[in-house]
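Hi,

Here is the structure I said I would pass on.

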Amino acid sequence: MGEKRAYKARKPGGGRKKLKPEYDAGKNLKDQMDAAVALYEEDCSLQSIADVLNLNPIKVRKLLITAGVYKSNAAKKVKNTFEEYRKTQDYKTAILSTAAVLKLSKASVTSYLPYEKGVYFPSAADKEKISVGAERQRRFRAIKRWRVDPTEENFWGVVLAYTGVKFKTYSGLPFSYEIKKGSNGEYTKELWIDRRENSKSLAWSSVRLALGHIKKVGEVVERPKALGDIRGVTYIYGMFYRFGLIDVPDEAKEKMKKAFSKSS
């Protein structure tokens with residue numbers, strides 16, 4: 001027998017090297033999702049998106065659900081049922097329970113749920129954690145969703161998407177707003193207007209009331225009071241203009257223009 005080879009201690013960080021050190025599953029999945037969303041917003045079908053990206057249409061749908069842009073009755077039913085079970089069950093058990101009650105396969109249930117790992121969630125992530133481009137896309141999608149389906153829930157989504165964005169009042173005063181979360185982790189229906197060193201609250205009911213006074217989207221509204229004798233209407237006026245819901249007189253537009261170019 002030959003001599004026994006002396007033991008050589010392994011260097012820190014040693015071990016099998018990755019075959020593809022540049023490979024990043026999370027980044028690849030995010031890139032696929034961004035591409036799918038871009039095509040979907042051009043009104044492409046799931047099949048056509050799948051053909052372009054060389055993916056299965058079911059995976060395309062899951063990517064769009066993860067991004068928060070795909071809506072259907074089936075997806076909503078699966079999501080609501082799963083989330084109800086998830087309150088008391090672990091992830092795997094909640095999947096099985098959802099499949100059983102909806103008479104679906106496990107694969108069908110998971111295909112209607114967003115990716116849990118390895119992907120970036122631009123529709124749910126805090127705005128501090130996403131790029132300027134992703135934040136702008138989030139606002140665009142919120143507006144588009146509301147115009148297609150003008151429900152109160154979808155308009156609240158628009159208001160949330162514009163949190164922290166710079167606005168200007170009719171007279172050119174800059175402001176922004178924040179929305180706080182309550183003890184239950186849900187957003188409160190109150191906007192905190194931040195103008196210079198002072199903060200004022202603006203009730204969600206006031207915003208909804210002003211929205212009901214818009215006769216036609218895109219029409220010129222001469223002055224804030226035209227939206228109603230509402231507390232905080234001067235701020236609502238600036239918000240609605242930035243949302244693209246109303247137009248404003250040229251005089252007011254000139255005062256607002258600089259702020260928009262800096263924050264867009």
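This is a predicted model: local features need pLDDT of at least 70, side-chain atom pairs count only at pLDDT 80 or more; totals for chains, interfaces and linings use all residues.

I started with the largest nonpolar core, which has 38 residues. The residues with the most contacts inside that core are F155, Y177, F240 and F243. The largest share is from α10, with eight residues.

Leaving aside residues up to four places away in sequence, Y177 touches V159, Y162, T163, G164, F167, L191, W192, I193, D194, M239 and F243. There is also a second, separate core, with 26 residues, L29, L63, Y70 and I95 among them.

Now to α9. Its buried residues are W204, S206, V207 and A210. Looking down the axis of α9, you will see them fall within an arc of 160°, so they line one face of the helix.

How do α8 and α9 pack against each other? The angle is about 110° and the axes are 12 Å apart, so the two helices are roughly perpendicular. The crossing of α8 and α9 is right-handed. On the α8 side the contact is made by E152, F155, W156 and V159, and on the α9 side by W204, V207, R208 and L211. Two of these turn up above as well: F155 in the list of core residues with the most contacts, and V159 among the residues that Y177 touches.

Cheers

How values were computed: Residues are numbered from 1 along each chain as its sequence is written. Side-chain values use heavy atoms; hydrogens and water are left out. A nonpolar core is a set of buried Ala, Val, Leu, Ile, Met, Phe, Trp, Tyr and Cys residues joined through side-chain atoms within 4.5 Å. Buried means under 20% relative accessible area, exposed over 50%, partly exposed in between (1.4 Å probe, protein chains only). Helices (H or I, at least four residues) and strands (E, at least two) are DSSP runs, numbered from the N terminus. Contact means heavy atoms within 4.5 Å. The arc is that of the directions from the helix axis to the C-beta atoms. Axes are lines fitted to C-alpha atoms, for helices over the stretch in contact, and angles run from 0 to 180 degrees between N-to-C directions. Angles under 35 degrees count as roughly parallel, over 145 as roughly antiparallel, 65 to 115 as roughly perpendicular and the rest as oblique. A crossing is left-handed if the near helix is turned anticlockwise from the far one by less than a right angle, and right-handed if clockwise.
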